[in-house]
Amino acid sequence: MSQGFALNEETAKAGQTQPPLCAATDAAAIQQQWESHFAELKDPRGSQGIAHPFLSIVMIAILAVIGGATGWEDIETYAESHQAWLSTLFSIPNGVPHADTYRRLFEQMAPDALERCFLGWVKQIVEASGAQVIPIDGKTIKGSYDRNRKQSALHVVSAWASEHRLLLGQVKVTSKSNEITAIPALLKLLDISGCIITLDAMGTQKEIAREILGHGADYVLCLKANHPTLWAEVMTWFKQAESANFTDLEHSDDARVESGHHRREHRQVWAVPAVVMGDLHQIEQWAGLKTIVMVKRVRHLWNKVTRETMFYITSLPCDAALIGRAIRTHWGIENQLHWVLDVTWGEDKSRIRRGHGGENMALLRRLAISVLNQETSKKRSLKQKAKRASMSPDYMLTVLAAGLAT
């Protein structure tokens with residue numbers, strides 16, 4: 001008689017060779033250290049009808065998002081799949097919470113409190129490092145727009161630690177134009193002394209340059225047509241200087257060729273002391289301005305060739321190689337953060353938008369990316385690391401342990 005799918009004795013014994021779940025004693029130190037980072041969070045719920053401990057809900061949500069969860073139902077699914085293991089880490093007397101429990105909690109919880117806890121973790125990672133490039137850029141979460149409630153899409157300005165590949169902080173703004181006011185607020189959250197701050201044209205403002213210098217940092221700001229007179233004068237000056245091959249002009253230059261992802265980019269950088277360029281429009285109003293830069297990029301793609309010329313102003317000395325590296329690093333926030341958020345965590349498709357839910361989930365996603373970047377034992381993409389963490393409690397502990405290393 002056919003046995004169908006029935007397990008014979010030999011198969012059953014083979015199944016017993018699977019690795020056991022991590023014991024609480026193995027994970028206790030890691031769990032306690034992570035919980036300590038979020039200990040100051042206040043439970044926004046009332047005193048009645050509470051079935052699940054506050055920190056247990058928060059920590060399960062963090063683990064689920066590290067594992068690639070994109071919404072409340074995903075978090076519930078992760079918790080149900082690992083309930084036996086999670087019960088060794090956290091108090092879950094009534095089983096794992098349902099999706100609505102996570103939703104209600106994160107809609108009510110103050111985002112600034114969650115961010116302070118996040119920054120406390122970040123500080124232990126970066127406090128011992130020296131100067132580094134910190135790109136600051138904004139991102140709109142398109143799916144958070146709600147026409148019926150007349151609610152605009154959530155726009156977040158983030159600071160990215162290029163060396164450590166982790167988020168240093170974020171500030172919510174109501175529209176892209178308000179990045180100008182959000183950037184100084186973000187700078188106040190950070191210890192940027194000795195660092196280089198890079199900003200795109202939206203952040204190229206005299207007050208922001210002064211703010212950066214006041215924090216003991218240097219700036220590299222993209223100059224575009226939102227400062228039309230200065231931009232036109234700089235463009236004309238470089239055009240004339242280049243036609244003369246910069247003869248008898250004090251300058252620094254650097255050229256690099258980089259290849260990858262089926263493209264080759266040839267990049268040339270010319271840096272000139274601001275004083276050499278003469279009496280430019282309102283040049284004296286830019287605090288600490290030392291150098292003006294032109295960058296030419298030629299990209300050879302599989303089907304076309306693109307050319308681009310960009311201009312920058314900076315408080316750094318006239319060193320084309322140094323400034324060129326800082327400019328190149330600025331794109332790290334696009335490639336290492338914004339692209340990953342959309343492709344791996346589907347942020348642009350997220351419809352979480354009620355209360356503080358959207359902002360808190362945005363911070364959890366950025367925390368997940370930052371933690372996964374600290375784990376380097378697996379040479380895999382962040383997507384593959386997240387999948388492995390969602391499937392393997394042992395690897396999730398490895399990721400958490402890496403995030404605690406100083």
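Me: What covers the buried residues of helix 6?

Reply: A residue is called buried when its relative accessible area is under 20%, exposed when over 50%, and partly exposed in between, with a 1.4 Å probe and protein chains only. Helices (H or I, at least four residues) and strands (E, at least two) are DSSP runs, numbered from the N terminus. In this structure, the cover over the buried residues of helix 6 includes helix 3 (54-66), helix 4 (72-81) and helix 13 (357-374). The model is predicted: local features need pLDDT of at least 70, side-chain atom pairs count only at pLDDT 80 or more, and totals for chains, interfaces and linings use all residues. Residues are numbered from 1 along each chain as its sequence is written, and side-chain values use heavy atoms, with hydrogens and water left out.

Me: Which residues of helix 6 are buried?

Reply: An α-helix has 3.6 residues a turn, so residues three or four places apart point the same way. In helix 6, which spans residues 99-108, the buried residues are A99, T101, Y102, L105, F106 and E107.

Me: Why does E107 count as buried?

Reply: E107 counts as buried because its relative accessibility is 17%. Contact means heavy atoms within 4.5 Å. Apart from neighbours within four places in sequence, E107 is in contact with R354, G355, H356 and G357. Between E107 and G358 there are 7.8 Å in space, C-alpha to C-alpha, although the two are 251 residues apart in sequence.

Me: How many cavities of 30 Å³ or more does the structure hold?

Reply: On a 1 Å grid over the protein atoms alone, a cavity is a set of points where a 1.4 Å probe fits but cannot get out; lining residues have an atom within 4 Å of a point. Grid points are joined across faces, edges and corners, and a volume is the space filled by probe spheres set on the points. The structure holds one cavity of 30 Å³ or more, and the largest cavity contains about 50 Å³ of space.

Me: Which residues line the largest cavity?

Reply: The lining consists of I30, Q31, W34, M59, L63, L89, F90, L397 and L400. Helix 2 (24-37), helix 3 and helix 15 (393-404) each supply at least two of the lining residues, and the largest share, three residues, comes from helix 2.

Me: How many helices and strands does the chain have?

Reply: The chain has 15 helices and nine strands. Of its 406 residues, 50% count as buried.

Methods
1 Å grid on protein atoms, 1.4 Å probe; cavity = no way out; pocket = protein on both sides within 12 Å on 5 of 7 lines; lining within 4 Å.
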